[in-house]
Amino acid sequence: MIARALEDEGVEYIFGYPGGAVLHIYDALFKDCRVPHILVRHEQAATHAADGYARATGKPGVVLVTSGPGATNAITGIATAYMDSIPMVVISGQVQTHLIGEDAFQETDMVGISRPIVKHSFMVRRTEDIPAIIKKAFFIASSGRPGPVVIDVPKDLTRPDATFEYHYPDSVKMRSYAPAQRGHTGQIKKAARMLLGAKRPVIYSGGGVVQGEGSELLTQLARELNFPVTNTLMGLGGFPGSDRQFLGMLGMHGFFEANMAMHHSDCILAVGARFDDRVTNTVSKFCPGAKIIHIDVDPASISKTVMADIPIVGPVQSVLSELLAQLADLRSKDPGLPDADALGRWWGQIEEWRQAQGLMTGRRYGDSDMIMPQQVIESLYRVTGGNAYVTSDVGQHQMFAAQYYPFDKPRRWINSGGLGTMGFGLPAAMGVQLAFRDMQVACVTGEGSIQMNIQELSTCTQYNLPVKIINLRNNYLGMVKQWQDMQYEGRYAMSTYEDSLPDFVKLAEAFGHVGMVVEKLEDLDRAMAEAFAMKDRLVFLDIFVDPKEHVYPMHVAPNGSMKDMWLSKNERT
Amino acid sequence: MRRIISILLENEPGALSRVVGLFSQRGYNIETLNVAATDDPTLSRLTLTTKGDDLRIQQITKQLNKLVDVVKLVDLTEGAHIERDLMLIKVRASGTAREEIKRTTDIFRGQIVDVGPNVYTIQLTGTSDKLDSFVRAMAGFDILEVVRSGVAGISRGEKVLSL
């Protein structure tokens, strides 16, 4: 019944791992199910792969795991998806109904354990409810503010000898769940007026624009008004990264010009972003002169940390299209809006910041006799023509990738922003590669993160997934080391393991892949090109980078504002 | 400020734990909690009291509304409302104390619902404030046990919380 419902739901892949409680389901998948199943090597990887698939395609990722350890192993991946609002349906096996609560073999209270990190969860109590529950799960996971949904299925309710009439519902109606369909017209009109009166505006857009398919409308709006745009880590690609109007990422490791523009702005249009602590720095000092318009599908995201002057609850697509119409209407009556002179002065100021300290224009990273990590990302950008799907793990490499690989399209940048899950990159890349077999998929990682799910090299062998792993190897847990440099006088507590790192080339080869070491800058582009030329092979590029390098800019904390940044080890604003 | 939030909740296993879990997960406090089925067996009515400034209360109600099992909710303290807490209190009552306790109970319009040779069990309903005052008034006696139901509440007038 589950297998058939997944077929009817149009599921493309199931990521999972079998075990006692789900064997009936696996048998059904094996016997007659058109949906291919991808066998991972650890359940956490199943969730990340489904997550990567969902981020790249916009469709919910589907996971199937067994009870007990299968379920608990999936938790980190569910939390990752929850924090970044990624649609996912996780089906977990459960011990037989009569054993629940008896501490049976491989029993765990999955609904209980996952409660704080799911959008919703279901415990199946009657077999005949399964199709309706699956339909509801997909609807909840992918509507409103998306998120993971868990379905816990006791084994006895999947017995093959019990037969029931199967009916997969066409639609779902739930009295207690009705996500906003459109924004409030009065509020949108107010927002349009405020935007047209702004003298120093900034558009601050987040993951909601990417997930809510609002990129085109947002880009149109920014271009029509000639407003500068900054993206959050999750929002990269929501506005073309190589566009002149793009100020780069904002926040803790945001671009100088983006953070400066935010701080000095008089009007911020926040779209699908949630003013999280990695963006705002000290909330009480956040953008003192700015009026804030906040568009989000989740009312709880609005005025949670920073008060919005004009809150608009609704899906970004419908709100932005209505906003565009309102703007056009107001401008047809007064073509002088927005004030071109004021905007010209504002752009002049922004250009000054950009020329002085911009990562792409003014400031460059230092010289070294080793490869600089930023150079690796720049090489990746050159070789892939900026068109790759890039997944990342968590740490310095993640920030370098976010800074130095301008994404022109949404859904190309795939990283764990909210939870910050090391070990995300490789399995996520598998999900992306399965979704887009012919595209270039790179996993930018570090030797710390990659070892957290290194076993997935085996899955890549089994399904012939030619992911390119770009390992920025500095022999340290780089971001931890950076903080220890800055705040703990260079005491590297447990952040190094130089003598115990594996030979990644041999390791890759052991799984049947290609491994390459790059130590010199002059070899970098060639090795990168060679790796991507091997279209049907997974290549592990182990690139030795300068361990002394830090990620800059970096917000001064605690008590700093948006404009308080370290620009290098000894310069700050 | 103290708030009374009343919720219509799907009468499903696990629904209550979602509400309670939300409070501990996000660092909010529940001061009292009361839950029971309504006339519609598919719905429970849950009433809780909590404290916080306007912003926090707004965030609490938004987060509660996001729970799929929450059908509807109202902050009763936003308008005129009736709140009732039920208390059962057992006190040692012997000698001259018996008469004094009886008098105090009458003043608070409580009832002695169980009598033993040495104890009274008193039932009292009213606002939480009233029950607190009664407990204070009993301070001079030997209180053996206190049980309170937590606040249940309803809006005054025509306003109703229903589907």
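How many of the nine residues of helix H15 (residues 396-404) of chain A are buried? The model considered here is predicted. In it, nine of the nine residues of helix H15 of chain A are buried, and the helix is thus described as mostly covered.

**Helix H15 of chain A**
- The buried residues of H15(A) include Met399(A), Phe400(A), Ala401(A), Ala402(A) and Tyr404(A).
- Gln396(A), His397(A), Gln398(A) and Gln403(A) are also among the buried residues of this helix.
- Among the elements of chain A that cover these buried residues are two helices, H14 (373-384) and H19 (478-487).
- Strands also take part in the covering, including S9 (246-249), S13 (389-392), S15 (441-446) and S16 (468-473) of chain A.

**Architecture of chain B**
- Chain B contains nine strands and four helices.
- Read from the N terminus, the order of its elements is β-α-β-β-α-β-β-α-β-β-α-β-β.
- The C-alpha trace of chain B spans about 55 × 35 × 35 Å along its principal axes.
- Chain B has 163 residues, of which 28% count as buried.
- Of the contacts in chain B with a separation of 6 or more, 72% are between residues 24 or more positions apart.

**Contact between chains A and B**
- Twelve residues from chain A and 16 residues from chain B form the contact.
- On the side of chain B that touches chain A, helix H1 (15-25), helix H2 (54-66) and strand S4 (70-75) each supply at least two residues.
- The residues on this side of chain B comprise six polar, five nonpolar and five charged.

Note on methods. Residues numbered from 1 in each chain as written. Chains lettered and ligands numbered in written order. Predicted model: local features only at pLDDT ≥ 70, side-chain atom pairs only at ≥ 80, totals over all residues. Contact = placed C-beta atoms within 7 Å. Nonpolar A, V, L, I, M, F, W, Y, C, P; charged D, E, K, R; others polar. Buried ≥ 20, exposed ≤ 12 C-beta atoms within 10 Å, placed from the backbone.
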